Amino acid sequence: MSSAAPEALPSAMLASPEAAGRDRDQAGAALLPGEHSYASISEKISGIVLTAPTARWWTIAFMLCSALTLVFFGAIGYLFYKGVGIWGLNVPVVWAFDITNYVWWIAIAMSGTFISAALHLTRQPWGASISRFAEAMTIFALAIAGMFPILHLGRPWFFYWLAPYPNVMSLWPQWRSPLVWDFFAILAYLLLSLMFWYLGLIPDFATLRDRARRRSVQIAYGLLALGWRGEARHWQRRQSAHLLLAGLAVPLVVSVHSVVGLDFATGNTPGWHSTIFPPFFVAGAMFSGFAMAMTIAVLLRRAFDLRDFITDRHLDNLAKLILAMGLVLAYSYVMEIFMAWYSADRYEIYTALNRMRGPYAPVYWALILCVVVVPQALWSRRVRHSPWVLFAISIVINVGMWLERFMLIVTSEHRDFLPSAWGMFYPTIWDWAILFGSIGFFAWLLLLFVRFLPLISMTEMRELLARQQGGS
Amino acid sequence: MNEGQPVYGLIAEFSSPADLLHAARSAHGAGYRRVEAYSPMPVEGLAEALGSHGNRISLLALAGGILGGVLTFALQWYSVTVDYPLNIGGRTPAWPGLVPSTFEMTVLGAALAAFFGTLLGNGLPRLYHPVFNEPGFSAASSDRFFLCIEAADPRFDTQHTRRFLEQLQPLKVSDVGA
């Protein structure tokens, strides 16, 4: 195996106790500590799904999230019945919570597949135990994000007009509109993420099928496993496909969120009309996605006693990624202000100043606090090794990222060119219902995921163990 | 297993990927060609040890990507130049605006080809396979490693092949019913 540090680390641990101690010091902790064997990995991870009794916390959380899910779909039902007028939208502010939620969710969706694909491509073994739930997070967040562009339409039942299909109206999509690019980008990303996830799940479904005791469970997982039997050539094809999908996912992630940035940048509204938007949006997406991965990692680790698999070192690495992305984002904020000044465009300058001291100034300063100031705590090693502090920071970051999108969208619209056309946006109860309902729905899907699917890839954990034992 | 019943092959069970890799190399070296190895995770070099020369998944993905890209670009080009040209201020259709959708569909085409190529190449879904008749085979998805020499192999001989497998020091060797 290569001499890259992360690769060499597990094997070095077995080489000698002193070396192991040294590596532990360097890395904080090992990737797969404890006396794990192939059997114990299968036992532990499949046991969560197959044999563990349903925990009380799970039932309570599930009931709460089910209630929020009902609120979400109830609000959507009322929206379809009544129209977008139930929201606080008005003529200068035509996009508010709907598009804020859209960008926020799609950003959370960005990094799940990216984490697992990029770590797979760069052969970072620490990705193995977080990739599965990160991918699940992507798919659920993306499914929710994809709903918002449809919800924000005046006539949502015509959303399929975005697709080029033969029709009697002689209608074509406007190919040069970022809104149409969005349609293709979300479609491609959702399908690719699903295939990437499922390809990884097939062998784990086979493990569940083989370990299940009840006939109905065996049949259910057996159908999902498609008859997987672990043949050498099958593994070889799957490995090729997995690598290819990972390689395809990385540029796709960047393109998807760039297109979201272009949704704004192609408009001539001050504060939006800027070429910095695509990279700026990509950095913001990675940032909030890593933070959401951290939130979920800390919770899962605690709930299912997964300290052996999601180690301190995983959290430490994730925290460093969050910090790095946060710095890129902070730089983007500075550049945004600089470009407003440098453009010498009075509207751009006004928008930048209005964000800091206009009616929405509290939102601006709250987001700076959440997104720029608080994450600086991650420089401290002590903080990076306290799961609950990391959990709190990750929540603060995602609150901040939601505020950031709200600020970007609403402050640009509410005072654009002519003061006679200025206005304010105030959310209604339906705005809040859909926001919190969507969060509840996301958590509801995650709860189902941790109960019915293996939340860590057993295949990849076995590979990690083989590498440690082989000392290769 | 009783004599005279149809046999799919002989299967040997191992406890580590290294043993399986060694066994696979030996079986291939002894001239067996209808041999299959089963493991709970990918084992590097195992497919090659059984005589596989890589696979065509990447070529398929390339073809899928080209197809997705070309079709999407052609559709857009047809739409803006032939079927519904828009002349706005004398500006003729320009191609750069057609690139993002083309890129997304190129990636999607490649991904679909890789995914379905893998399923098709592996012959999945296939819920029944004779190897599942071996009672201990359920451990193949957890912590055991299997090597199966099929009865259809020209060199297969119940006695001789069993002796061959036993000298590889497996945990056990058993018949697999067809």
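**Figure 1. Pairing of B:Y38 with strand β3 of chain B in the predicted model.** The bridge partner of B:Y38 in β3(B) is B:F146. β2(B) and β3 (residues 145–150) of chain B run antiparallel and are joined by four bridges; strands are taken to pair if DSSP finds at least two bridges between them. Elements are DSSP runs numbered from the N terminus, with helices (H or I) of at least four residues and strands (E) of at least two. This is a predicted model, in which local features need pLDDT of at least 70, side-chain atom pairs count only at pLDDT 80 or more, and totals for chains, interfaces and linings use all residues. Residues are numbered from 1 along each chain as its sequence is written, while chains are lettered from A and ligands numbered from 1 in the order in which they are written.

Figure 2. Four strands with antiparallel pairing form an open sheet in the order β2-β3-β1-β4 (chain B). The edges are β2 (35–38) and β4 (172–177) of chain B; each has a single partner strand, so one side of each is left without a neighbour in the sheet. From one strand to the next, the twist averages 25°. Helix α1 (residues 17–29) of chain B lies across β1 (7–14), β2 and β3 of chain B and runs at about 15° to β3(B). Axes are lines fitted to C-alpha atoms, for helices over the stretch in contact, with angles from 0 to 180 degrees between N-to-C directions.

Figure 3. Chain B is assigned domain 1 (7–54 + 128–177) and domain 2 (57–121), with bounds from an automatic or database domain assignment. Taken over C-alpha atoms, the centres of domain 1 of chain B and domain 2 of chain B are separated by 44 Å. The mean pLDDT (the predictor's confidence in each residue, from 0 to 100) of chain B is 84, and 97% of its residues reach 70 or more.

**Figure 4. The cis peptide bond of chain B.** B:L124 and B:P125 are joined by a cis peptide bond, with omega of about -5°. B:P125 belongs to the loop between α4 and β3 of chain B.

**Figure 5. The side of chain A that touches chain B.** The contact takes 51 residues from chain A and 49 residues from chain B, two residues being in contact if their C-beta atoms, placed from the backbone, lie within 7 Å. On chain A, the elements giving two or more residues to this side are α3 (38–50), α7 (178–211), α9 (232–265) and α17 (458–470). α9(A) gives the most, with 16 residues. The predictor assigns the complex an ipTM of 0.88 and a pTM of 0.86.

**Figure 6. Loop residues of chain A.** A:L306, in the loop between α10 (277–303) and α11 (312–343) of chain A, is partly exposed, with 19 other C-beta atoms within 10 Å. A residue is buried if 20 or more other C-beta atoms lie within 10 Å of its own, exposed if 12 or fewer, and partly exposed in between, with C-beta atoms placed from the backbone. The C-alpha atoms of A:L306 and A:I45, 261 residues apart along the chain, are separated by 8.9 Å. A:A344 lies in the loop between α11 and α12 (346–357) of chain A; although not a glycine, A:A344 has a positive phi of about 60°. A:A344 counts as exposed because 8 C-beta neighbours lie inside 10 Å.
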